[in-house]
Amino acid sequence: MGMEKVNCSTDGKPSEYLYSPEILQRLDFNKSPAIFKPKISAAQPGEDWMVVRPLQRSDYDKGFLQLLSQLTNVGNISRKLFDDRFTKMKQSGGYYVTVIEDTRVGKLIGAATLTIEQKFIHNCSLRGRLEDVVVNDTYRGKQLGKLIVVTVSLLAQELGCYKMSLDCKDKLIKFYESLGYKMEPGNSNAMNMRFDDPS
């Protein structure tokens with residue numbers, strides 16, 4: 001349910017997905033320790049008007065950048081810049097931006113990104129990173145944060161990642177622990193080196 005809806009770009013043509021939406025239908029939410037009340041999944045997000053799907057090129061017009069701005073500074077991104085980045089992400093592979101859409105108003109209300117690193121270690125395995133998790137303020141309380149994080153985490157497992165990592169604020173540790181993430185003793189530090197502000 002939900003994936004059969006076709007979103008169109010401004011020229012009326014079906015909009016291009018960043019990755020194949022069929023993979024989201026295969027995710028087994030029983031593999032997650034997360035508890036959903038009521039039970040929901042990427043295929044059955046709990047409301048007829050809600051769809052969990054890959055980012056589409058047409059999402060520039062559906063508030064994707066405005067949604068991300070609830071998380072951090074996005075900058076002034078033109079349609080051309082958005083299209084160019086979408087194309088590069090799709091061509092290079094390893095980018096799985098997943099969104100939740102309110103189809104009643106044609107706006108995105110949640111998003112998270114899975115990036116996949118190609119490794120030599122662990123028999124040339126894959127490592128997933130959870131990034132840019134955001135849910136629109138006005139839709140809080142519908143388990144959407146849990147839904148988008150579990151969806152992307154199960155997607156990483158489905159794609160063969162040996163582990164999934166994330167950085168989060170201290171106040172979110174309990175939330176992520178409830179979804180199966182663990183702090184590793186002696187290895188739970190996030191360190192960054194910031195360069196010139198890109199915005």
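Strand E1 is mostly covered, with 5 of its 5 residues buried, where buried means under 20% relative accessible area, exposed means over 50%, and partly exposed lies in between (1.4 Å probe, protein chains only). Helices (H or I, at least four residues) and strands (E, at least two) are DSSP runs, numbered from the N terminus. The model is a predicted one, in which local features need pLDDT of at least 70 and side-chain atom pairs count only at pLDDT 80 or more, whereas totals for chains, interfaces and linings use all residues. Residues are numbered from 1 along each chain as its sequence is written, and side-chain values use heavy atoms, with hydrogens and water left out.

The pLDDT is the predictor's confidence in each residue, from 0 to 100; the protein averages 91, and 91% of the residues score at least 70. Over residues 1-6, however, the pLDDT is below 50, and this stretch has 16 contacts in the model beyond near neighbours in sequence, a contact being heavy atoms within 4.5 Å. Where pLDDT is low, the predicted coordinates should not be read in detail.

As a whole, the protein holds 6 helices and 5 strands, and from the N terminus on its elements follow the order α-β-α-α-β-β-α-β-α-β-α. The radius of gyration is 17 Å, close to the 16 Å that the globule rule gives for 199 residues, so the protein is as compact as a globular protein of that length; this radius is taken over C-alpha atoms, and the rule is 2.2 Å times the number of residues to the power 0.38. The C-alpha trace spans about 50 × 45 × 35 Å along its principal axes. Of the 199 residues, 43% count as buried, and among contacts with a separation of 6 or more, 69% are between residues 24 or more positions apart.

The 5 strands form an open sheet in the order E1-E2-E3-E4-E5, and the pairing is mixed, two strands being counted as paired if DSSP finds at least two bridges between them. Strand E1 (50-54) and strand E5 (161-166) stand at the edges, each with a single partner strand, so one side of each has no neighbour in the sheet. Neighbouring strands are turned by 20° against each other on average, direction ignored; axes here are lines fitted to C-alpha atoms, for helices over the stretch in contact, and angles run from 0 to 180 degrees between N-to-C directions.

Going across the sheet from E1, this strand pairs with E2 in the antiparallel sense over 5 bridges, and arginine 53 stands opposite valine 99 in E2. Strand E2 (residues 95-102) in turn pairs with E3 in the antiparallel sense over 8 bridges. Within this pairing, glutamate 101 has leucine 108 of E3 as its bridge partner, while threonine 98 has alanine 112 of E3. E2 and E3 form a hairpin with 4 residues between them, and glycine 106 in the turn has a positive phi of about 65°. On to E4, E3 pairs in the antiparallel sense over 8 bridges, and glycine 110 has valine 135 in E4 as its bridge partner.

E3 is mostly covered, with 9 of its 12 residues buried. Threonine 113 is found in this strand, which covers residues 107-118, and is buried, with a relative accessible area of 8%. Not counting residues up to four places away in sequence, threonine 113 touches Tyr96, Val97, Arg129, Leu130, Glu131, Asp132 and Val152.

Which residues touch the most other members of the largest nonpolar core? Of its 51 residues, they are Leu55, Phe64 and Leu130, and the largest share of this core, 9 residues, comes from helix H5 (residues 144-158). Such a core is a set of buried Ala, Val, Leu, Ile, Met, Phe, Trp, Tyr and Cys residues joined through side-chain atoms within 4.5 Å. In soluble globular proteins, nonpolar side chains tend to be buried together. Leaving aside neighbours within four places in sequence, leucine 130 is in contact with residues including Ala112, Thr113, Val149 and Val152. H5 lies across E1, E2, E3, strand E4 (126-135) and E5, running at about 150° to E2.

Lysine 174, in helix H6 (residues 173-177), is exposed, with a relative accessible area of 65%. The C-alpha atoms of lysine 174 and tyrosine 95, 79 residues apart along the chain, are separated by 26 Å.
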